Amino acid sequence: MAELINSTQTALQQAYDYYLWTLTLSDKRTRGWALVDSPVPTLLFTALYLFLVWIGPKYMEKRKPFKLTPLLVPYNMAMAILNGYIASQLLTASTRLKYSYICEPCRQKNDPDELQIANAVWWYYFSKLLEFCDTLFFILRKKKNQLSFLHVYHHSTMFFLWWIGIKWVPSGSTFLPAMVNSSIHVLLYAYYGLSVFGPRVTKYLWWKKYLTILQLIQFTCALILGVNGIRTGCEFPLWMHYTLIFYMLSFIVLFGNFYVKAYIDKGNQVFFGMDVGCGQGNTYETHKFLKNKQKTN
């Protein structure tokens, strides 16, 4: 027993010493920025978020859903504006610096444009904390179908992973996924904000389906970026390339599954359920049902 305790203490001490060593490699420019120095606030907020996901539906189970229209519209529009600001800041600074979209090493420079990128990456990281409100609103409105594994996994992991980004690599190739994702989120939050007004408006929001396609394209491009970074020896932390690859693979699988269920399967149901017999109930689904019934008889 004593040996087990000693070996555990040794392992923990080695892990802590390793963490202290990694701190010496962190970006000096973001030291002292809000929530950046220690992982504790980020981990606590994430733990609180997961607790909310667990307790929230139980609390709302016997209660009426809240009507949050006066809150949802300004929230979603504010998030669209914030993401637009982040994307524009990253685009303008990276363009002036002539950043490569294939491989851009992270340099700890105090150039104004480099600092503009680091500042935009911090806002992107902070926006992931604000996005926890998406889940809170789903819970308060009793939208249990929205609380999927994909939703919770996406929100709970992005916040911590981007703490790593702002802590160690707040510039370089980090700018690209943040810029692209923020651009897509402008459309996403604009959709959410307008859809609050109900069927009168949602029938004009034709781009919902294409948002998922854009996200899948984004994840695929990020995956290719990570693979290419390893292949070419891009001067960027190697473990981050591997993390990016596996993380993007998980998103491609989860978002791909969502797309199939939400659009392709639904489309098949509509197509095969269409009445092709002048309103006489002659559908392919009915034909299959009768045929199977004859076989069983």
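Q: Under which cut-off of relative accessible area does a residue count as buried, and is aspartate 113 buried or exposed?
A: Buried means under 20% relative accessible area, exposed means over 50%, and partly exposed lies in between. In this predicted model, aspartate 113 has a relative accessible area of 16%, and because the cut-off is under 20%, aspartate 113 is buried.

Q: Which residue forms a salt bridge with aspartate 113, and in which helix is that residue?
A: The salt bridge of aspartate 113 is formed with arginine 96, and the closest N and O atoms of the pair are 2.8 Å apart. The two residues are 17 residues apart and link distant parts of the chain, with aspartate 113 in helix H4 (residues 112-130) and arginine 96 in helix H3 (residues 69-96). Arginine 96, at 48% relative accessibility, counts as partly exposed. The residue asked for is thus arginine 96, in helix H3.

Q: What is the N to O distance in the salt bridge of arginine 29 and aspartate 27?
A: Arginine 29 counts as buried at 10% relative accessibility, and aspartate 27 counts as buried at 0%. The side chains of these residues, arginine 29 and aspartate 27, meet in a salt bridge with an N to O distance of 2.8 Å.

Key:
Residues numbered from 1 in each chain as written. Predicted model: local features only at pLDDT ≥ 70, side-chain atom pairs only at ≥ 80, totals over all residues. Heavy atoms only, no water. Salt bridge = Lys/Arg side-chain N within 4 Å of Asp/Glu carboxyl O. Buried < 20%, exposed > 50% of the residue type's maximum accessible area, 1.4 Å probe, protein only. Helix = DSSP H or I, 4+ residues; strand = E, 2+ residues; numbered from the N terminus.
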